[in-house]
Amino acid sequence: MSIDTKATIKVGPFSRGGYNRHGAAAMDHDFEAETTLKLFGIHAPEIDENYLYFTENNVTADFMVDSLEDLWLSLENRADLHSIVINADNGPENSSRRTQFIKRIVEFAESKSIDVSLAYYPPYHSKYNPVERVWGMLEKHWSGELLESVDKVIGLARTMKWKGKGPIVKVVDKIYETGIRLSKSAMKKYENMLNRLSGLENWFVDVQCFN
């Protein structure tokens, strides 16, 4: 799987540096947006599927792992999975040193009895993360459209095609608390379940729970 959070989407009659295909007038300055949307995406290259999770609230470590949990409900009945590799940027909410993210990933692996490998891209190389191509396709799809409402943004996301397939799009209303961290003593339990690649401890992490 390839995961990433897209840049914040301003909802309003903004030109976004492009041209509206219907000739509607747009603001050419970034005035205050009516609201903003955050988008967390999961791209599954093996099956060419995309899962897009929108929220007007915070995309936190818990948000990301809850999205993985939601996706698992779809995947577990379609294949006999025993391991997942997650490609990601080493961002602040999903870093291999982000205690809440690691805690949730370990618990996810334990509960599903699977192996999870975290493979992070080094700084300035996130463009190689496969989900970035999905973001490019989405931008191309809604280029020339005014994203003036949440419904418009969600509707356009649902009609995007990736290799002939539309994405699964969900809107998350749950509010996630930011700043949740584990103490060093509490984190020991989870660190003991990790296998960090020697010399690249921050970039390659395995959680082995497959029975």
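1. Residues are numbered from 1 along each chain as its sequence is written. Local features of this predicted model need pLDDT of at least 70 and side-chain atom pairs count only at pLDDT 80 or more, while totals for chains, interfaces and linings use all residues, and side-chain values use heavy atoms, without hydrogens and water.

2. The largest pocket holds about 270 Å³ of space; a pocket here is an open set of points on a 1 Å grid over the protein atoms alone, where a 1.4 Å probe fits, with protein on both sides within 12 Å along at least five of seven lines, and lining residues have an atom within 4 Å of a point. Among its lining residues are Met 1, Pro 45, Arg 78 and Val 85, and strand E4 (residues 83-89) gives the largest share, three residues. By class the lining has nine nonpolar, one polar and two charged residues.

3. In the second largest pocket the space is about 190 Å³, and its lining includes Ile 3, Phe 40, Met 64 and Asn 94. Strand E1 (residues 2-11) supplies the largest share of that lining, three residues, and the lining divides into five nonpolar, four polar and three charged residues.

4. Gln 100 lies in helix H2 (residues 99-112), where helices are DSSP runs (H or I) of at least four residues and strands (E) of at least two. Apart from neighbours within four places in sequence, Gln 100 is in contact (heavy atoms within 4.5 Å) with Ala 61, Asp 62, Ile 180 and Leu 182.

Definitions and conventions
Points joined across faces, edges and corners; volume = space filled by probe spheres on them. Nonpolar A, V, L, I, M, F, W, Y, C, P; charged D, E, K, R; others polar.
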